[in-house]
Amino acid sequence: MTELRWEITEHSTLGDSERLGIARLKDQHWIRGVESQIAWLMDNTEAEDRHLMGFDENGVIRAYLNLNEITVVMDETPVVMIGVGGVCVDKSLEHSGLGRVLMAKAGAYLAHRQRTGILLCRERVQGFYEKCGWTLLSTEQAVVQGAEYTKRIMTRPCDMKKYGQIIIPRNF
Ligand SMILES: CC(C)(COP(=O)(O)OP(=O)(O)OC[C@H]1O[C@@H](n2cnc3c(N)ncnc32)[C@H](O)[C@@H]1OP(=O)(O)O)[C@@H](O)C(=O)NCCC(=O)NCCS
């Protein structure tokens, strides 16, 4: 499997070339155009959010996710967590184990920060996250950025409790 150089960079110090690299990679999967990807990144990322990037030998970003500290309200109790989003690997490297390596890097960051990770996903990728040690969160109602959310929410480490309502303040 391709060896990448891994870096975690705070959003406030992200360079133009990294921003472009992230936008290009994300646009392979969520096709909106690179300009639109950059605009989304700037509008939905806060200064202290982190970008986890895997660079190949030419400095091209081949694997990516973001790590955003958020306060999630779980049955009225605020809990500081790390929101993991934008998870993707270069299409030419999919199914080679790189996604697993990427999620292991994120897991190490969560352990280092002593935080629970939370992510939002569609049913079709649930199996991938389960293989990476994440579990489905049980909740009757979820609200994300003020709107009802009906897709999957997963956490790591595993949270076996059943929640009535959870409120996630922003998308990530
Ligand atoms: C999802 C994604 C990151 C997986 O990366 P990848 O490099 O292909 O994954 P890996 O090769 O490391 O796979 C790890 C394991 O998960 C499994 N897996 C991969 N994608 C899967 C999926 N969609 N559903 C179920 N299992 C999956 C693999 O079979 C492998 O299992 P194994 O180790 O038992 O053989 C990658 O396909 C991707 O970038 N997808 C597009 C963007 C996306 O949808 N991201 C999720 C946003 S929530």
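1. A residue is called buried if 20 or more other C-beta atoms lie within 10 Å of its own, exposed if 12 or fewer, and partly exposed in between, with C-beta atoms placed from the backbone. By this criterion H95 is exposed, with 7 other C-beta atoms within 10 Å, and H95 has a positive phi of about 65° although it is not a glycine.

2. This is a predicted model, in which local features need pLDDT of at least 70 and side-chain atom pairs count only at pLDDT 80 or more, while totals for chains, interfaces and linings use all residues. Residues are numbered from 1 along each chain as its sequence is written.

3. D75 also deserves a look, since its phi is near 45°, a positive value in a residue other than glycine; D75 is partly exposed, with 14 other C-beta atoms within 10 Å. Most residues other than glycine have a negative phi, and most peptide bonds are trans. A cis peptide bond joins R156 and P157, with omega about 0°.

4. Around the ligand there are 17 residues, of which C88, G99, R100, G127 and F128 are the closest; a residue is near a molecule if its C-beta atom, placed from the backbone, lies within 6 Å of it.

5. Leaving aside residues up to four places away in sequence, Y64 touches I22, L25, K26, L52, M53, G86 and C88, where contact requires C-beta atoms, placed from the backbone, within 7 Å.

Key
Contact = placed C-beta atoms within 7 Å.
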